Amino acid sequence: MLIFFLKPSHDLPLKRMLKFCKVMKSHICYFLITLLFIGCKEKSTQKTAKNKEIKVVENRIKINPIEHATAILEWNNLTIYIDPVGDLDKFKTFSKPDLILITDIHGDHFSLNTLKQLDTEKAKIIVPQAVADRMPEEFTPQIDVLNNGESKERYGIKVEAIPMYNLREEALKFHTKSRGNGYILNIDGERIYFSGDTEDISEMRALRNVDKAFICMNLPYTMTVENAADAVLEFQPKQVYPYHYRGRPDVSDVMKFKELINNSNSKIKVTQLDWYPNDEY
């Protein structure tokens, strides 16, 4: 009977239980209450520890800028290559890729030579059709073709293909609509967007619930700093990374990009990474 009344409960405060024991004048009762509350405390501690562990998991997506449009993400023992191009020295300190995303056919996004040199035997390669058409048959079993608006899940990561194309008349020849993909990666509760080569298109402006956004800004191929900032202010990612900002002949002013955003919305965090480690930019 005593055990029934002393069942641990947040609805039975400590003072009431102690008063009960005083009435009962029982040392055994005090002893049982002590044990019960220690048990409750241990359960609370375990719950807190579990919550802390979840927090660590959610924050362990590692972003590695390689150069220009090339990046490597590391998460949960998986390695994701975005637009891998260039010498193997750039990749030698990283694990072989489990997943590769390629946005477009241009040489700063797609290099067949680089893919052939990398150890991609076990990798899945997500590409638009235009890229798949330029890959030899040896890669066919690894390729997932995504068209704009389609999605695919690999290794617990849902990948969404987002349109990327030019709007300015003088730039239409660079990136035609439906040829290439931007991508949203849904990883561990976060939505991470890579714009690829694009201007401030309506599909970008309509994005929602983006946690991290990698936004291009280089002329004459993509868009101006002003247009990039204006698009970001419309779809409001939590954090934005300017990347792909070296053009010809100029390099985009990423500090101006940051100012334009933060002057209008200080809640959007602008993070500058080193995308051009081998030069002054």
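## Exercises on a pocket and on salt bridges

In this predicted model, the largest pocket has a volume of about 270 Å³.

**Exercise 1.** Determine which residues that line the largest pocket are the closest to its centre, and how its lining divides by class.

*Solution.* The lining of the largest pocket is made up of 13 residues, and the closest to the centre are His-68, Asp-108, Tyr-221, Arg-246 and Arg-248. Sorting the lining by class then gives two nonpolar, six polar and five charged residues.

**Exercise 2.** Work out which helices are tied together by the pair Arg-205 and Asp-230, and classify each partner by its relative accessible area.

*Solution.* Arg-205 forms a salt bridge with Asp-230, with 2.8 Å between the closest N and O atoms. Arg-205 lies in helix H6 (residues 202-205) and Asp-230 in helix H7 (residues 225-235), and the pair therefore ties together parts that are 25 residues apart in sequence. Arg-205, with a relative accessible area of 14%, is buried, while Asp-230, with 40%, is partly exposed.

**Exercise 3.** Find where the partners of the salt bridge between Lys-238 and Asp-211 lie in the chain, state whether each is buried or exposed, and name the residues that salt bridges with shared partners join into one network.

*Solution.* The closest N and O atoms of Lys-238 and Asp-211 are 3.2 Å apart in this salt bridge. Since Lys-238 lies in the loop between H7 and strand S12 (239-242), and Asp-211 in the loop between H6 and strand S11 (212-215), the pair ties together parts that are 27 residues apart in sequence. Lys-238 counts as exposed at 58% relative accessibility, whereas Asp-211 counts as buried at 12%. Finally, salt bridges that share partners join Asp-200, Arg-205, Asp-230 and Glu-234 into one network.

Definitions and conventions. Residues numbered from 1 in each chain as written. Predicted model: local features only at pLDDT ≥ 70, side-chain atom pairs only at ≥ 80, totals over all residues. Heavy atoms only, no water. 1 Å grid on protein atoms, 1.4 Å probe; cavity = no way out; pocket = protein on both sides within 12 Å on 5 of 7 lines; lining within 4 Å. Points joined across faces, edges and corners; volume = space filled by probe spheres on them. Nonpolar A, V, L, I, M, F, W, Y, C, P; charged D, E, K, R; others polar. Salt bridge = Lys/Arg side-chain N within 4 Å of Asp/Glu carboxyl O. Helix = DSSP H or I, 4+ residues; strand = E, 2+ residues; numbered from the N terminus. Buried < 20%, exposed > 50% of the residue type's maximum accessible area, 1.4 Å probe, protein only.
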